[in-house]
Each structure stands twice: as C-alpha cells, then as structure tokens.
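The sequence and coordinates are shown first.

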Amino acid sequence: MVKIGRNDPCPCGSGKKYKMCCLTDMAKNERILRSAVQVNTQEELVALLNQPIKIYQFRVTLDSIRLQEPIGTVYRNIEIEGDDTLYDLHLQIQAAFGWDNDHLFSFYMSNRIGDESSEYSGNPLGGDPSSIETEPSGTAAQTEIRYFRLRKGKHFKYLFDYGDRLIHTIEVLGKYDRGDEKNEAYPRVTEKAGDPPPQYDYSEE
C-alpha cells in the first residue's frame, strides 16, 4: 500500500500537489485511495491510474433462495469496469435480478460461503457490517474488482440476505479493454436466462 502525502505530486499526473488536486475531489480521491492499496510504490500507483480500463464479463447464476434451487437455470451476464467496486457489482446484481437491496451481503472470493478470510461485505448503503461470524477481510465498497486480478474461468460466491440466503455463483467469462465509445454505459446486463423467483415468500406470513 502506498501512502500519499498532502504535498506529494498528485498521482493523477496533473503536475499539481495532491492537496491542490484530487484530494479536494471526493470521487477522485476515493478512486486514488482504492488504487493505492493495490500497489507498493508511487510509480506503480501512477501507472495503475493511467492504465486502460478493463471491462470484466461475469455470469451471475442464482444457486438457491431459502435453501431451495430455482426452477430451471437463472442467470444474468454483466459487464462492469475494473475500477468499479464490489459494491457496484452488488448494486448491478440487485437490479439485474430484481432484488430489493434491503439486506446485508457478502462476496466470497474463495468460492466458499462462510470463508471469512476471503469475504468482502457491505450493507445496502455500502457501509461495512460485521461478518456472519467474524470481521470480514474487506469492505465491498472500498475494494475494486481489478484488485483480484481475476482470470477467465474463476468462480466466486455472492450471498445476499443472511436470513433467506440468496446464494449466487459468479463466473469470470473474460475481460477486454474499454474502447473510446462514449455511448457505451457500464455496468450493463448483456444476456439473461430464466426468471428469478420472488425475493419474499409471502405464503409464510
């Protein structure tokens, strides 16, 4: 992790001091701080911030809800920028499946539900809740997708709602450099299959 002094040159490459540049812009500063945990030197940080943005392609498949498998295969293919966070991915999954974003969630990068050592969690507003059993290893809203250097074929888990346990498997389908097409908006859903079951089982009430 790189620590950036207020009087250091801004990592964005503007030539200004950090305190007179991105430190004054909340969104830009958050991006710099998220990137700083991924590198060891100032030079590496500058290079990372100036890399072409990668677009990650994920297939998110619903495994089960309330311990029951859905009828048929239910998945959504999602494309998202690598400098977006796991919280951004969470929000896109919520929108893609029609979930209500009203519960805590966790990503398990080891592909094992309950593995605290690989857990990155959040609440509906992006805050950092306690894990199911102990403290998570990271905060979803502060961890960029590119931090994991994900390769094609990698799988990891996404758990939404620790009570009803909506469990999803996420597969990395690939990644590519984002072009200069200004009309392309990310994240986005590129393919879908199946209809998700209702998030709530009102028959239980």
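Strands β1 (residues 54–64) and β7 (residues 166–177) run antiparallel and are joined by ten bridges. Strands here are DSSP E runs of at least two residues, while helices are H or I runs of at least four, and both are numbered from the N terminus. Two strands count as paired if DSSP finds at least two bridges between them. The model is predicted, so local features need pLDDT of at least 70 and side-chain atom pairs count only at pLDDT 80 or more, whereas totals for chains, interfaces and linings use all residues. Residues are numbered from 1 along each chain as its sequence is written, and side-chain values use heavy atoms, with hydrogens and water left out.

**The sheet**

Eight strands make up an open sheet of mixed pairing, in the order β5-β4-β3-β6-β7-β1-β2-β8. Strands of a sheet pair through backbone hydrogen bonds, either parallel or antiparallel.

| Strand pair | Bridges | Residue pair |
|---|---|---|
| β1 and β7 | ten | T61 and T169 |
| β1 and β2 (residues 75–81) | seven | I55 and E81 |
| β6 (residues 155–160) and β7 | six | F156 and I170 |

The strands β6 and β7 also form a hairpin with five residues between them. In its turn, D161 has a positive phi of about 70 degrees.

**Aromatic packing**

The structure contains ten aromatic pairs. In one of them, the ring centres of F107 and F156 are 6.3 Å apart and the planes lie at 50 degrees, so the pair is tilted. Phe, Tyr and Trp rings (for Trp, the six-membered ring) pair if their centres lie within 6.5 Å; planes under 30 degrees apart count as stacked, over 60 as edge-to-face and the rest as tilted. This pair links distant parts of the chain, with F107 in strand β3 (residues 105–108) and F156 in strand β6, 49 residues apart. F107 is buried at a relative accessible area of 0%, and F156 is buried at 1%. Buried denotes under 20% relative accessible area, exposed over 50% and partly exposed in between, with a 1.4 Å probe and protein chains only.

Another pair, Y147 and F148, has ring centres 5.2 Å apart and planes at 80 degrees, so this pair is edge-to-face.

**Loop residues**

Y147 lies in the loop between β5 and β6 and is partly exposed, with a relative accessible area of 32%. Together with M1 and V37, Y147 forms a nonpolar surface patch of about 290 Å² of accessible area. Patches consist of residues with over 30% relative accessible area and no salt bridge, like charges being joined within 9 Å and nonpolar side chains (Val, Leu, Ile, Met, Phe, Trp, Tyr) within 5 Å. A salt bridge places a side-chain nitrogen of Lys or Arg within 4 Å of a carboxyl oxygen of Asp or Glu. The areas come from the Shrake-Rupley method with a 1.4 Å probe, and for residues only the protein chains shown count as cover.

G126 is located in the loop between β4 (119–122) and β5 (138–139). With 14% relative accessibility, G126 counts as buried. Apart from neighbours within four places in sequence, G126 is in contact (heavy atoms within 4.5 Å) with Y87, T139 and A141. G126 and Y87 are 39 residues apart in sequence, yet their C-alpha atoms are 6.3 Å apart in space.
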